[in-house]
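Please open the structure in the viewer and keep the sequence panel beside it.

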Amino acid sequence: MMAEQMTHRYRRILLQIDAATHCRDTIGTAMDIAARLNGEVKGVFIQDRNLAVAGTLGFVREIRLSSPAGHSLETLTVEAQLRAMARSVQRQLEREAVRRKMTVGFRAISSDAQTEEEEIRDADLVIVESTGRLHSRNFRGHLTTRLSLIGLVRPTLFLKGSKRLAPEVAVVCDTPDAAERGVVAATNLLSRAPEHIALVPFNLNAQEQRELSGIAENINKDLAGDAPKNVCEVQSVVTDGRGLVENLAPVECIVVITVGGPFLGDPMNLEPLFVSRHPLLCIQ
């Protein structure tokens, strides 16, 4: 059953970028992932409407590096800057695509949840370049809301920096059946079986842990012919996000989380993961 699910690949890839997360190195990493998956890439630059209307608020001032004095923001100026940034992102995506002999589409849209969901619905995988705002509480709160809105629509990868994805995976198992789904999703993302898989039980009872151990044995049997290094093991039970991060190996493995499960039921569990160096893959 799991082998059949692994035949699916992430072909249609949507790369989301906005003014606060524009990181050149991470965009290159996202394009490397898409090239390895032989995927079709569409870049979407999300223009924050709140930035555009900030100039209408009399108390808002812009502090420039060239001048310590505050300057009034003009809506037309902000909109022009966002358009210029969108053109810059488009040119960068096109350069990266030429280097890899890929084709890439591009569109700039306003920050509207319905519009974003329409873009996402046709994708197999959404990649969000999140490096620039990892330590912003507003960003993490916004992402928690987004996960409840769009994380159920398509698998979403939150990248952390410009490093290649490690072949090691940790799956948050807040239910026993999250294990197999997480392994399948990670295998599809890497386009090969991970070299090491850690199943991390989250608040599972004794019966559920026994069930999870049986699932790990079956996964090892399914992966036995792929490579001798493939190992799937059950780690110690964790009760919160901080304990999860502390329980992970030093390697910056991919952390797979199921949206809608008990783990993400508490937004505080997400905080330590977003400020960690671990890429996050959120699945349905």
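Select Thr-258 to begin. In this predicted model, Thr-258 has a relative accessibility of 7%, which is under the 20% cut-off, and therefore counts as buried. The residue belongs to strand E11, which covers residues 254-258.

Next, display the surroundings of Thr-258. Leaving aside residues up to four places away in sequence, Thr-258 is in contact with Asp-174, Ala-178, Arg-181, Leu-264, Ile-283 and Gln-284.

Now select residues 24-36, helix H2, together with residues 75-99, helix H4. How do the two helices lie relative to each other, roughly parallel or oblique? Their axes come within 10 Å and cross at roughly 45°; H2 and H4 are therefore oblique to each other. The crossing of H2 past H4 is right-handed.

Show the side chains where these helices meet. From H2, select Arg-24, Ile-27, Gly-28 and Met-31; from H4, their counterparts are Gln-92, Leu-93, Glu-96 and Ala-97. Coloured by class, this contact between H2 and H4 shows four nonpolar, two polar and two charged residues.

Of its 284 residues, 47% count as buried. Switching to a surface view, the accessible surface comes to about 14,000 Å², and carbon and sulfur atoms hold 50% of that area. Among contacts in the protein with a separation of 6 or more, 80% are between residues 24 or more positions apart.

Definitions and conventions: Residues are numbered from 1 along each chain as its sequence is written. This is a predicted model: local features need pLDDT of at least 70, side-chain atom pairs count only at pLDDT 80 or more; totals for chains, interfaces and linings use all residues. Side-chain values use heavy atoms; hydrogens and water are left out. Buried means under 20% relative accessible area, exposed over 50%, partly exposed in between (1.4 Å probe, protein chains only). Contact means heavy atoms within 4.5 Å. Accessible areas come from the Shrake-Rupley method with a 1.4 Å probe; for residues, only the protein chains shown count as cover. Axes are lines fitted to C-alpha atoms, for helices over the stretch in contact, and angles run from 0 to 180 degrees between N-to-C directions. Helices (H or I, at least four residues) and strands (E, at least two) are DSSP runs, numbered from the N terminus. Angles under 35 degrees count as roughly parallel, over 145 as roughly antiparallel, 65 to 115 as roughly perpendicular and the rest as oblique. A crossing is left-handed if the near helix is turned anticlockwise from the far one by less than a right angle, and right-handed if clockwise. Ala, Val, Leu, Ile, Met, Phe, Trp, Tyr, Cys and Pro count as nonpolar, Asp, Glu, Lys and Arg as charged, and the others, Gly among them, as polar.
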